[in-house]
Structures are given as C-alpha cells and as structure tokens.
Amino acid sequence: MVDSLTKSERSERMRRIRNRDTRPERTLRSALHAKGLRFRLHRNDLPGRPDIVLPRFCTVIFVHGCFWHRHQGCSICTTPKSNTQFWQGKFDRNIVRDRRNVRQLRKLGWAVFTVWECELSSPLKVERIAERVARRLRAR
C-alpha cells in the first residue's frame, strides 16, 4: 500500500512520537503511586535511562511500546510495508540495545521489569500489573 502522506508529513508525524512520559508510562506510574510506591523517572546515570526507577528496591521498570520494541505475538507489533529493510534494521538495533541495557543493569545489581504497552490497555490490566510489581517488590 502506498503511503497517503508526503515524505515531509510522515517525517513530522514520526517526530511527534514521544519517547518519555507516554500514556502507558503515566498510567503505570499513577497505579504504582496509588500502591504507595515512590520512584524516580528517567535516571540518565543508569543504562538505558529506565522509565521508572525504584531506588529503595534497587529495581527499574521499562515501559516498552509494542511496535518499537517488537513485542512478540502482539497485534500492535507490525512491520511497515514500505521501506521494510530500514524498519527491520531499526527494530533489530532496538532489540539489541534493550538486551544490552538489561544485562548491564542486572550486572550492576538492579532488578529489571519490562512492561509492554498492550499490558496497560485497560484499567483492569493496569491494576493487575501494578499489583504484580508491588507484590514482587515487597517479597524481595
């Protein structure tokens, strides 16, 4: 299928995609805060600049977009039909970078959670994820 937008229009749309403070991230932060968990955001002294950092528990949480970070088996994880080679290279680099960041964080003694965008698509799912994270943190 041919793109209905011009190259400059597509570029402008892509430029507006946020990489922090996204709706899934804000939703999860709100639920964790309601559970009494306090955290820091986007600490750039840690590998990968995690979305949520819980220093008290030596734990970080990445909130990954299913499209950008390639959530296997997810319907949001599609590959564009045009310029496929470019996109596949970009996705592959994202996956390699994510794995490297998790490995480095674990080596530094941090516990790492990855929460996917699709897991935060409804209030019930958000509550379940927040409860699961809180339970695991308190069990440590």
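## Arg 70 and the rings around it

Arg 70 lies over the face of Phe 91, 3.8 Å from the ring centre; a charge counts as sitting over a ring if NZ of Lys or CZ of Arg is within 6 Å of the ring centre and within 35 degrees of the ring normal. The charged end of Arg 70 also sits over the ring of Phe 67, this time 5.7 Å from the centre. This is a predicted model, where local features need pLDDT of at least 70 and side-chain atom pairs count only at pLDDT 80 or more, while totals for chains, interfaces and linings use all residues. Residues are numbered from 1 along each chain as its sequence is written, and side-chain values use heavy atoms, with hydrogens and water left out.

Where does Arg 70 sit in the chain? Look in the loop between helix H3 (66-69) and helix H4 (84-107); helices here are DSSP runs of H or I with at least four residues, strands are runs of E with at least two, and both are numbered from the N terminus. Arg 70 is buried, with a relative accessible area of 9%. Buried means under 20% relative accessible area, exposed means over 50%, and partly exposed is in between (1.4 Å probe, protein chains only). The phi of Arg 70 is near 60°, a positive value in a residue other than glycine.

## The aromatic cluster

Phe 67 and Phe 91 have ring centres 5.2 Å apart and planes at 85°, so the pair is edge-to-face. For the cut-offs, rings of Phe, Tyr and Trp (its six-membered ring) pair if their centres lie within 6.5 Å; planes under 30 degrees apart are stacked, over 60 edge-to-face, and the rest tilted. Phe 67 belongs to helix H3 and Phe 91 to helix H4, 24 residues apart, so this pair links distant parts of the chain. Both of these Phe residues are buried.

A search of the whole structure turns up six aromatic pairs. One aromatic cluster is made of Phe 67, Trp 68, Phe 86, Trp 87 and Phe 91.

## The sheet

Stepping back, the protein chain has five helices and four strands, in the order α-α-β-β-β-α-α-β-α along the sequence. The strands make an open sheet with the order E1-E2-E3-E4 and mixed pairing; two strands pair if DSSP finds at least two bridges between them. Its edges are strand E1 (40-41) and strand E4 (111-116), each pairing on one side only. Helix H5 (residues 123-139) packs on the sheet, touching E2, strand E3 (59-64) and E4, where touching, or contact, means heavy atoms within 4.5 Å. The direction of H5 makes about 175° with that of E4; such angles run from 0 to 180 degrees between N-to-C directions, with axes fitted to C-alpha atoms, for helices over the stretch in contact.

Which way do the neighbours run, parallel or antiparallel? Two bridges join E1 to strand E2 (residues 52-54) in antiparallel fashion, and three join E2 to E3, also antiparallel. E3 and E4 run parallel, joined by six bridges. Val 60 in E3 stands opposite Val 53, and its bridge partner in E4 is Val 112.

E2 and E3 form a hairpin with four residues between them. Cys 58 is partly exposed, with a relative accessible area of 26%.

## Inside the fold

E3 is mostly covered, with six of its six residues buried. Thr 59, Ile 61 and Val 63 are on one side, and Val 60, Phe 62 and His 64 on the other.

The largest nonpolar core has 19 residues, and Leu 28, Leu 32, Ile 52, Leu 54 and Ile 61 have the most contacts inside it. Such a core is a set of buried Ala, Val, Leu, Ile, Met, Phe, Trp, Tyr and Cys residues joined through side-chain atoms within 4.5 Å. H5 gives the most to this core, with six residues. Not counting residues up to four places away in sequence, Ile 61 touches residues including Leu 28, Phe 113 and Val 133. A second, separate core of eight residues includes Leu 46, Phe 62, Val 102 and Leu 105.
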